[in-house]
Protein chains: 2
Amino acid sequence: VPHDRVLRAIAAELGAAGVVTDRDRVASHTTDWTGRFTGEAAALVRPSSTEEVAAVLARCHEAGVAVVPQGGNTGLVGGGVPRHGEIVLHLGRLRGVEPVDEGALQVTVSAGEPLAGLQAAAADAGLAYAVDLAARDTATVGGTIATNAGGLHVLRWGGTRQQLMGIEAVLADGRVVSHLGGLVKDNTGYDLAGLLCGSEGTLAVVTRARLRLVPRHEARVVAMVGFVDVAAAVGAVARWRRRVASLTAVEVVLAAGVDLVCEVGGLPPPLASRPPVLVLVEAADRDDPTAAVASAVEATDGVLDVAVATNEREAAALWRYREDHTLAINTLGPPHKLDVTLPMAALARFAAEVPDAVTAVEPGARTWLFGHLGDGNLHVNVTDLAPDDDRVDDVVLRLVASLGGSISAEHGIGRAKRRWLDLVRSPAEIDAMRAIKHALDPRGILNPGVLVPERTA
Amino acid sequence: VPHDRVLRAIAAELGAAGVVTDRDRVASHTTDWTGRFTGEAAALVRPSSTEEVAAVLARCHEAGVAVVPQGGNTGLVGGGVPRHGEIVLHLGRLRGVEPVDEGALQVTVSAGEPLAGLQAAAADAGLAYAVDLAARDTATVGGTIATNAGGLHVLRWGGTRQQLMGIEAVLADGRVVSHLGGLVKDNTGYDLAGLLCGSEGTLAVVTRARLRLVPRHEARVVAMVGFVDVAAAVGAVARWRRRVASLTAVEVVLAAGVDLVCEVGGLPPPLASRPPVLVLVEAADRDDPTAAVASAVEATDGVLDVAVATNEREAAALWRYREDHTLAINTLGPPHKLDVTLPMAALARFAAEVPDAVTAVEPGARTWLFGHLGDGNLHVNVTDLAPDDDRVDDVVLRLVASLGGSISAEHGIGRAKRRWLDLVRSPAEIDAMRAIKHALDPRGILNPGVLVPERTA
């Protein structure tokens with residue numbers, strides 16, 4: 001059995017603590033946190049340095065043993081859990097944030113550091129890390145890079161790839177590539193860092209990263225704006241983006257979702273006029289952005305009603321109408337969650353058509369829409385539907401693709417959406433991805449079954 | 001001869017106007033505009049559509065005929081001119097800017113469109129394209145993508161890769177990959193657009209691009225700040241970047257260069273105190289950024305003297321002290337031009353050491369330093385040196401690399417710097433680039449001899 005030989009060799013290099021085969025300890029790494037994706041692992045391998053990662057991959061490459069890299073195991077598409085006896089390569093011991101480079105406004109971080117650790121180090125230097133998401137205490141920096149994590153501030157600062165100034169990674173054969181100088185202007189060959197970002201552990205294992213930091217903005221305004229319809233809300237986004245450089249969030253919710261949130265949470269309605277579409281807008285800057293936001297909202301067509309938070313407590317209260325959607329919808333049973341992006345020009349049409357498309361497949365199912373309107377990113381939740389019934393997923397993703405949208409806004413493809421990738425990527429694109437995958441991982445040991453579709457005959 | 005057969009087949013597809021073999025007409029495409037790089041071409045091929053580019057590459061791939069893609073031929077590292085009888089694939093007929101998508105703040109542009117055409121289309125929509133450079137009337141959008149062009153506003157908006165929301169390109173075998181939806185959040189596989197950006201025509205031929213646009217800022221402030229030394233100027237950059245979000249340029253010049261500019265142009269000195277180091281700072285915003293810049297400068301250590309432009313004429317006058325450096329230095333004879341980035345922490349040391357490093361090789365040579373201080377990007381010009389004597393280039397690039405800098409900030413590697421790439425990229429990185437190159441261009445027909453070093457025995 002090649003696994004036994006390889007695991008013995010790895011234990012010899014990493015020490016006994018580096019290889020875990022105890023079933024109970026391994027179990028928490030073989031199922032994702034939603035419980036939807038699960039599998040068997042040969043062992044859990046826990047390197048504590050880049051050199052140890054390199055040693056592990058060199059052994060696995062030589063023996064052709066498959067490896068599933070894993071960070072905080074907070075992914076939503078099954079990209080970080082094993083299927084059929086792979087080795088789980090857990091990066092959690094690669095911790096540490098180096099001192100913030102205040103001259104360059106950058107920092108170098110190890111892959112296993114939780115996102116919150118990076119955020120805290122940035123805050124200590126009077127700065128911020130631009131990417132933030134709900135799983136911040138568990139999700140690792142390496143995982144956010146492997147998945148090009150989006151999160152709450154993409155509108156203002158871009159996603160993870162836009163923060164990435166350099167990378168250290170171990171290639172499939174155990175060789176280390178390292179380019180952590182963090183130079184903003186550096187045209188010296190292909191952008192390996194950008195290529196690895198979002199490759200979901202299929203091209204290399206990220207071990208360290210050089211990340212840019214952004215200014216910390218203390219002055220904030222939050223407002224809830226009621227619109228006559230989705231089209232009016234979409235029209236407002238472009239106008240606001242032109243006028244208010246400091247926008248940090250433009251989030252959309254619909255009346256039905258807000259009613260459910262109010263009912264579950266015992267909250268009053270956010271706007272007295274009970275508009276059909278509500279948009280939460282937030283801006284943050286060095287100087288108070290309230291006047292800029294107010295004047296932009298005032299000049300907007302289709303607005304029915306506005307509430308502006310005048311303090312942090314009121315701001316938090318407005319955010320609850322958006323943030324409590326997940327909680328409120330879960331009270332109806334586990335929903336199907338689809339994370340999609342629509343072109344702005346097609347977003348209103350999608351919002352109008354998707355509920356009918358769902359009920360055409362399953363008459364009793366209910367569709368809930370909310371999300372990051374500023375990025376065109378909608379979370380489509382469908383309740384009153386069997387958990388394993390993916391006919392609805394199929395119909396929704398096909399509708400998204402037919403409108404020029406993306407079947408994965410921020411969660412990635414993983415195992416969950418691999419069979420639908422050809423809806424949005426042509427055979428030539430998928431072949432190009434396969435060629436790159438084969439070039440960097442010729443034996444196919446890195447995260448097999450994730451992202452890149454199998455070649456069909 | 002394979003070329004004749006291939007050229008006949010291409011002429012059959014593109015029409016007679018698509019293949020040029022007339023020596024005089026071909027000649028202007030076989031030498032770069034500096035005159036430093038020149039070679040022979042089998043022919044000039046001028047496709048007028050993506051389909052024609054695909055047909056050309058399919059033929060060349062089949063026959064193993066090498067192709068050099070060329071845009072406006074304004075590159076500085078010999079990456080766009082032929083060497084030994086390749087076909088020059090000129091993209092100049094792929095013109096056109098599609099209507100600006102005002103909802104998404106994006107536009108789709110054909111590769112052969114000059115940068116100025118894109119800028120004009122953005123301006124007509126009340127927006128701006130973030131990348132600007134002196135060659136704007138000739139340089140093509142495709143060329144700026146192939147080289148990840150930097151330019152004047154990297155500090156504020158990033159380089160070309162940061163503007164690129166999607167790409168259409170023809171692979172070496174003639175297959176077209178197209179992903180022009182411009183979705184901001186779209187995690188559906190490897191970032192092919194980012195990989196092709198900066199690949200210098202070695203992986204595919206870019207035919208169209210989807211680019212983000214940015215707000216147009218009319219309120220501008222320009223100031224010249226005198227410092228006691230380079231270290232003080234470097235220290236100011238991080239402080240200003242934290243305090244002034246609207247910074248668009250932070251440029252450095254030295255007293256010797258300013259004296260030369262004044263002498264050649266008959267200008268008065270910009271600052272009465274004649275400081276050894278001068279920094280031009282510019283900010284632009286919706287609202288007048290003068291107060292923000294003034295307060296940031298006031299709080300800065302090491303400042304000797306400040307001049308603030310109070311109108312556009314004075315702003316242009318201050319910019320001349322920076323912009324006329326190229327002209328003034330050229331009066332001393334053709335300089336060696338080296339385009340490098342230093343880590344902020346090493347920049348002052350580099351500025352102190354590089355003149356001595358140059359005179360150690362060639363005692364009569366003079367070194368002139370100026371550049372984009374905000375990005376750590378210095379232009380090192382060396383005069384009083386034979387044009388072909390690259391011992392100085394070698395010494396300077398080695399000093400840059402030893403300090404953790406980049407041997408190419410924005411111009412790229414091309415043919416000019418290929419032999420030095422291993423100063424800043426490890427064998428593992430170069431092997432990874434070679435593997436990607438081979439995966440996407442298995443017959444090596446795309447821009448041979450550019451960027452990726454030959455494998456050594």
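Helices and strands here are DSSP runs, numbered from the N terminus. With that numbering, Leu105(B) sits in the loop between S4 and S5 of chain B. Keep in mind throughout that this is a predicted model.

Is Leu105(B) buried or exposed? Leu105(B) has a relative accessible area of 5%, so it counts as buried.

You'll find Glu200(A) in the loop between helix H8 (192-196) and strand S9 (204-212) of chain A. Glu200(A) is buried, with a relative accessible area of 7%.

## Where the chains meet

Now for the place where chain B touches chain A. On the chain B side, 72 residues are in contact, and they meet 72 residues of chain A. The size of an interface is often given as the accessible area lost when the parts come together. For chain B and chain A, the buried area is about 6,000 Å², and carbon and sulfur atoms give 58% of it.

What about polar links? Between chain B and chain A there are 36 residue pairs in polar contact, counting pairs with both residues at pLDDT 80 or more. Which elements of chain B give two or more residues to the side that touches chain A? They are strand S8 (176-179), helix H8 (192-196), helix H9 (230-243) and helix H16 (427-440). H16(B) gives the most, with eleven residues. Sorted by class, this side of chain B has 34 nonpolar, 22 polar and 16 charged residues.

## Salt bridges, across and within chains

Over all chains, the structure holds 57 salt bridges. The count between chain B and chain A is ten.

| Pair | Closest N to O |
|---|---|
| Arg242(B) and Glu102(A) | 2.9 Å |
| Arg366(A) and Asp384(A) | 3.1 Å |

Arg242(A) is partly exposed, with a relative accessible area of 25%. Glu102(B) is partly exposed too, at 42%.

The salt bridge of Arg366(A) with Asp384(A) stays inside chain A. Arg366(A) is in strand S16 (residues 366-372) and Asp384(A) is in the loop between strand S17 (377-383) and helix H15 (391-402), so the pair ties together parts that are 18 residues apart in sequence. Arg366(A) is partly exposed at 38% relative accessibility, and Asp384(A) is partly exposed at 37%.

Arg419(B) lies in the loop between helix H15 (391-402) and H16, and Asp390(B) in the loop between strand S17 (377-383) and H15, so the pair ties together parts that are 29 residues apart in sequence. Asp390(B) has a relative accessibility of 34% and counts as partly exposed.

Which residues are linked in a network of salt bridges? Arg175(A), Asp431(B), Arg434(B) and Arg455(B) are.

## A buried aspartate

Asp324(A) is in the loop between helix H12 (312-323) and helix H13 (325-330) of chain A. At 15% relative accessibility, Asp324(A) falls in the buried class. Its side chain is joined to that of Arg320(A) by a polar contact of 2.9 Å.

## The nonpolar core

In soluble globular proteins, nonpolar side chains tend to be buried together. The largest nonpolar core in this model has 192 residues, and those with the most contacts inside it are Trp240(A), Phe350(A), Trp240(B) and Phe350(B).

What does Trp240(B) touch, leaving out residues up to four places away in sequence? Its contacts are Val225(B), Phe227(B), Leu247(B), Val250(B), Val279(B), Val281(B), Ala296(B), Val297(B) and Thr300(B).

Conventions:
Residues are numbered from 1 along each chain as its sequence is written. Chains are lettered from A and ligands numbered from 1 in the order in which they are written. This is a predicted model: local features need pLDDT of at least 70, side-chain atom pairs count only at pLDDT 80 or more; totals for chains, interfaces and linings use all residues. Side-chain values use heavy atoms; hydrogens and water are left out. Contact means heavy atoms within 4.5 Å. Buried area is the accessible area (1.4 Å probe) that two parts lose on being put together, summed over both. A salt bridge is a side-chain nitrogen of Lys or Arg within 4 Å of a carboxyl oxygen of Asp or Glu. A polar contact is a pair of N or O atoms within 3.5 Å; within protein, one must be able to donate a hydrogen and the other to accept it, and residues adjacent in sequence count only if both atoms are side-chain atoms. Helices (H or I, at least four residues) and strands (E, at least two) are DSSP runs, numbered from the N terminus. Ala, Val, Leu, Ile, Met, Phe, Trp, Tyr, Cys and Pro count as nonpolar, Asp, Glu, Lys and Arg as charged, and the others, Gly among them, as polar. A nonpolar core is a set of buried Ala, Val, Leu, Ile, Met, Phe, Trp, Tyr and Cys residues joined through side-chain atoms within 4.5 Å. Buried means under 20% relative accessible area, exposed over 50%, partly exposed in between (1.4 Å probe, protein chains only).
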